[in-house]
Amino acid sequence: MKVGNFFLEIRGKIETAKKTRSNYVLELGEKREAMVSDALEELKGDRLIKAFIKTINLSWSDVVKGVDFYVIYITDKHRVCPLSVSGRSWVEFKKRQHPENQCISVDLEEEISSIKNKIIRAIAAQERKWKS
């Protein structure tokens, strides 16, 4: 099977699955990603990261690679930390599914400072080739 066909098949299955899920579940994911985006903006303002890119919903990075954000930071050169965002109960599954990504859990009542700390720990783990 060609890579392009594989991607389209997987994306189609995800679109179908999303239609059967409640809007509440989808909204939880969007809320978590918005909270992480706010935390990343603050980290950027604090100059602890250079930039970040949110992946497009159902894009190759989202579907196949399991990445929600690419976090760009500088050590001796520009580096990228692929970041996956999840609820607490899904973190271990996502880590097994995409071991090359750093994965953080975000609770809906969590403070931005806590999310920022998780992102910084994920970047540090990425630097050490560990998993967050």
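Student: What makes the four strands a sheet, and in which order do they lie?

Tutor: Strands are DSSP runs of E, at least two residues long, numbered from the N terminus; helices are runs of H or I, at least four residues long. Two strands pair if DSSP finds at least two bridges between them. Here 4 strands form an open sheet in the order β1-β2-β3-β4, with mixed pairing. This is a predicted model: local features need pLDDT of at least 70, side-chain atom pairs count only at pLDDT 80 or more, and totals for chains, interfaces and linings use all residues. Residues are numbered from 1 along each chain as its sequence is written, and side-chain values use heavy atoms, with hydrogens and water left out.

Student: Why are β1 and β4 called edge strands?

Tutor: β1 (51-54) and β4 (102-105) each pair on one side only. Neighbouring strands of the sheet are turned by 30° against each other on average, direction ignored. The axes behind such angles are lines fitted to C-alpha atoms, for helices over the stretch in contact, and angles run from 0 to 180 degrees between N-to-C directions.

Student: How do you know that β1 and β2 pair, and in which sense?

Tutor: Count the bridges. β1 and β2 share 4, in the antiparallel sense. The cut-off is two bridges, so they count as paired.

Student: What about β2 and β3?

Tutor: They are antiparallel too, over 6 bridges. Phe-69 has Leu-83 as its bridge partner in β3. The two strands form a hairpin with 3 residues between them.

Student: Which way do the β4 residues point, and are they buried or exposed?

Tutor: In a regular strand the side chains alternate between the two faces of the sheet. In β4, Gln-102 and Ile-104 point one way, and Cys-103 and Ser-105 the other. All four are buried. Buried means under 20% relative accessible area, exposed over 50%, and partly exposed in between (1.4 Å probe, protein chains only).

Student: Why is Lys-116 called buried?

Tutor: Its relative accessible area is 15%. The limit is under 20%, so Lys-116 passes. Lys-116 sits in helix α5.

Student: What does Lys-116 touch?

Tutor: Contact means heavy atoms within 4.5 Å. Leaving aside neighbours within four places in sequence, Lys-116 is in contact with Ala-39, Glu-42, Leu-43 and Asp-46. Glu-42 is 74 residues away along the chain, yet the two C-alpha atoms are separated by 8.1 Å.

Student: What makes the Lys-116 and Asp-46 pair a polar contact?

Tutor: The rule asks for a pair of N or O atoms within 3.5 Å; within protein, one must be able to donate a hydrogen and the other to accept it, and residues adjacent in sequence count only if both atoms are side-chain atoms. The side chains of Lys-116 and Asp-46 are joined at 3.2 Å. That value is within the limit, so the pair counts.

Student: Where does α5 lie against the sheet?

Tutor: Helix α5 lies across β2, β3 and β4, running at about 125° to β3.

Student: What makes a set of residues a nonpolar core, and which members touch the most others here?

Tutor: The set holds buried Ala, Val, Leu, Ile, Met, Phe, Trp, Tyr and Cys residues joined through side-chain atoms within 4.5 Å. The largest core has 19 residues; Val-36, Leu-40, Leu-83, Ile-104 and Ile-119 touch the most other members. α2 (23-45), β2 (69-74), β3 (78-86) and α5 (112-127) each supply at least two residues. The largest share, 5 residues, comes from α2. Not counting residues up to four places away in sequence, Leu-40 touches Ile-49, Phe-52, Phe-69, Val-71 and Ile-119.

Student: Why is Ile-56 called exposed?

Tutor: Its relative accessibility is 64%. Ile-56 is in the loop between β1 and α3 (60-63).
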